[in-house]
Amino acid sequence: KELSEETWRAQLEEDVDIMKGVNEISLLSYNLNCLPFGVGLFSTLTLGLLTDQGFASQDRIEQFVRQVAQKKFDIVALQEVFATPALSPLCRQRYLIRKMRALGYTNIVQSRPLGMHRRVARRKWTDSGLLILSRLPIETQDDMLFPDAAVGLDAGATKGVVYARVRTVERALHVFNCHLQATHTDGEGDYASVRAEQIKALRDFITKKTFGTRDPWVLTGDFNIDAIATTDDHTGEFGFAFQAPRSQSEAYDWLMKTISPRGDVINLLHETEGRHVCTRPPRLSFPGSAAYAFKHKYPQCLDYIFFCNGSVGSIKRTKRSTQIEKFPAEVKSRPTGGRNLVGSACLALAGTCSVAALHLTTQDRVWSMNACVVLSAVNAVYFATYQVRSKQAQISYDYLSDHFGVSTSFSAEVTYNW
């Protein structure tokens, strides 16, 4: 039906009034490294990763929310904020979402809930850990899980990509947030091949969501593909970077050719800096295992914001606005005595399991008794470890995550001429 000039002018004025004052759209991409509840104990006991990040996730979330409140990003894309589906009250993802809602991020996209099929048949124990939190309206949303070919620790998570079509002044902005297969220090597994399949699936998903539209799109995330080529000077690889290599890696070249076969996708951070800069902090607090530390190359550039212009350019990138967001940690004293809530809960659960095991011995239920004994021992160890950690003098890391964030901005201006 053809609208009269008076009608469409009124609708346009109403539409613009909704987004009045939104001329700059800011976006943050950040790997917060918040693992599911309880993983901190596992990594400490089995991997020797004494980095404190698993034990201080809630404190790091609180500090992150306070810093975001000061910076006031319009769109926040997060990686590694994993859910704890078996213990919802202790889920750090739910805690962060609740905190961000209070700041005005009421439009939220997350991966689909982890159903029983994925937990049992596919042996998944958590979701993708991906979130898109927006102050601006989200018109449509979706997610896609990568083919079940992840290896190592990544095999337990349903990695993939989340998508949001964010409404701006005139047009929409397609936002994709992803997290690809990591390279683990055990060296077991063809990580590059897994990432290659994930990138192809990611490219197809982007094509599907943007086909037939004239709107621009932005792709963010932790790609676990280092754009900085390995230097021949091995004295500068592990923790002390004298000079980054000038050439970029072959893996990054392949990534760009795959997601941008026509060469129309722009790496915004590289465009601003003129080179690939490090997106991971130096390892100032080394893990307990020296072998683990020396398997991590430094510097590394793993986190990116890619942008593709739309055919109608109402939304444009703000050139040289992309920068590293370091999110320094606040040096904060820890409790020196007493039992915190988590420690008390673990102790209570250990006691309950012990009583249950004692009761089951009178009923000859050996399997149930053994299960209760194991649960009791695990919770007792967790309680003891948590209490030891809580008595340390202060937080022993310099940044809120083992990644830096990347932020950028876009200009969205009304271009109708009456």
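Ile108 stands opposite Leu133 in strand β4, a position within the antiparallel pairing of strand β3 (residues 107–110) with β4, which extends over four bridges. The model in which this pairing is seen is a predicted one. Strand β2 (residues 75–81) also pairs with β4 in the antiparallel sense, again over four bridges, and in that pairing the bridge partner of Ala77 is Ile132 in β4. Strand β4 itself (residues 131–134) is covered on both faces, with Leu131 and Leu133 buried on one side and Ile132 and Ser134 buried on the other.

Strand β2 is also among the elements that cover the buried residues of helix α3, and these elements include β1 (24–34) and α4 (92–102) as well. Helix α3 (residues 57–71) comprises 15 residues and reaches 21 Å from its first C-alpha to its last, which is close to the 21 Å expected at 1.5 Å a residue. The buried residues of α3 are Ser57, Asp59, Arg60, Ile61, Gln63, Phe64, Val65, Gln67 and Val68. Just after this helix, Lys72 takes a positive phi of about 55°.

A further part of the model is an open sheet of six strands with mixed pairing, in the order β5-β6-β7-β8-β10-β9. The edge strands of this sheet are β5 (138–145) and β9, each of which pairs on one side only, and the twist averages 20° from one strand to the next. In general terms, strands of a sheet pair through backbone hydrogen bonds, either parallel or antiparallel. The antiparallel pairings described for this sheet are listed below.

| Strand | Partner strand | Bridges | Residues opposite each other |
|---|---|---|---|
| β6 (residues 160–167) | β7 (residues 172–179) | seven | Arg165 and His174 |

Helix α6 (residues 191–210) lies across β5, β6, β7 and β8 and runs at about 165° to β7, whereas helix α7 (residues 250–259) lies across β8, β9 and β10 and runs at about 30° to β10.

Why does Phe307 count as buried? Phe307 has a relative accessible area of 0%, and it is classed as buried because a residue with under 20% relative accessible area falls in that class. The place of Phe307 is in strand β10, and, leaving aside neighbours within four places in sequence, Phe307 is in contact with Leu173, Pro216, Trp217, Val218, Asp264, Val265, Ile266, Leu268, Ile315, Arg317 and Phe410. For one of these contacts, Ile266, the separation from Phe307 is 41 residues in sequence and 5.2 Å in space, taken from C-alpha to C-alpha.

Methods:
Residues are numbered from 1 along each chain as its sequence is written. This is a predicted model: local features need pLDDT of at least 70, side-chain atom pairs count only at pLDDT 80 or more; totals for chains, interfaces and linings use all residues. Side-chain values use heavy atoms; hydrogens and water are left out. Buried means under 20% relative accessible area, exposed over 50%, partly exposed in between (1.4 Å probe, protein chains only). Helices (H or I, at least four residues) and strands (E, at least two) are DSSP runs, numbered from the N terminus. Two strands pair if DSSP finds at least two bridges between them. The expected span of a helix is 1.5 Å times one less than its number of residues. Contact means heavy atoms within 4.5 Å. Axes are lines fitted to C-alpha atoms, for helices over the stretch in contact, and angles run from 0 to 180 degrees between N-to-C directions.
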